[in-house]
Amino acid sequence: QIEAMVQLMLYFRWNWIIVLMSSDDYGRDNSRLLSQRLAHHDICIAFQETLPMTQPNRNMTQLEREHLEAVVGKLRRSTARVVVVFSPDLSLYNFFREVLRQNFTGAVWIASESWAIDLVLHNVTELQRTGTFLGIATQAVSVPGFSEFRVRRSQGVRPALNRSSQGATCNQECDSCMNTTESFNTMLTLSGERTVFSVYSAVYAVAHA
């Protein structure tokens with residue numbers, strides 16, 4: 001995705017950009033890779049800022065709110081209008097609310113794959129007035145039957161509540177696994193198969209290792 005972003009900037013001759021990143025490994029590592037890649041081209045970073053990682057189950061603290069206000073204020077004062085954002089989608093809801101509140105417009109937002117296809121942000125129609133959004137996303141791969149498999153019930157006699165079957169792996173063959181999976185099914189479905197399958201694959205690999 002870094003290479004795709006750089007090629008986009010070269011194509012449109014954008015040589016004065018802003019980089020926003022989340023305060024985690026994803027944000028820091030990708031912003032570092034982008035900086036290294038841009039060193040080979042005539043593209044300068046006006047400034048970099050870190051966005052607070054607000055948890056979905058709690059409100060922003062006063063300090064986090066003031067930090068977001070300061071970041072958006074800095075965006076408004078800058079002459080750069082191309083903004084690259086490396087951040088998980090959950091951290092961006094409050095950020096874009098602040099962007100709308102301060103009426104920051106006329107930007108070109110380059111979205112990393114972590115939020116480029118986020119359905120919640122896509123449904124915030126007011127974001128259209130903040131500028132143009134260009135997203136980088138991995139190619140979608142159809143996984144027929146995956147959604148059905150994720151919430152399927154065991155074909156045999158159902159085991160007792162909260163007791164795993166005697167198989168080599170749980171593989172959704174116990175009530176405790178199924179209840180958890182079903183409770184998150186709507187959220188997982190809305191996230192899109194691309195995101196769901198990448199998480200599933202990672203957990204599957206670690207579990208079997």
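The chat below turns to salt bridges and then to a helix pair.

Mentor: This is a predicted model, in which local features need pLDDT of at least 70, side-chain atom pairs count only at pLDDT 80 or more, and totals for chains, interfaces and linings use all residues. Residues are numbered from 1 along each chain as its sequence is written, and side-chain values use heavy atoms, with hydrogens and water left out.

Trainee: How many salt bridges are there?

Mentor: The count comes to six, where a salt bridge is a side-chain nitrogen of Lys or Arg within 4 Å of a carboxyl oxygen of Asp or Glu.

Trainee: What does Lys 74 meet in a salt bridge?

Mentor: Its partner is Glu 49, at 3.0 Å from N to O. Lys 74 lies in helix 3 and Glu 49 in strand 2 (residues 44-51), so the pair ties together parts that are 25 residues apart in sequence; helices (H or I, at least four residues) and strands (E, at least two) are DSSP runs, numbered from the N terminus.

Trainee: And is Glu 49 buried or exposed?

Mentor: Glu 49 is buried, with a relative accessible area of 17%, whereas Lys 74 is partly exposed at 31%. Buried means under 20% relative accessible area, exposed over 50%, and partly exposed in between, with a 1.4 Å probe and protein chains only.

Trainee: Switching topic, which residues of helix 3 meet helix 4?

Mentor: Leu 68, Glu 69, Val 71, Val 72 and Leu 75 do, against Asn 94, Phe 95, Glu 98, Val 99 and Arg 101 in helix 4, contact meaning heavy atoms within 4.5 Å. Glu 69, Glu 98 and Arg 101 are also linked in a network of salt bridges.
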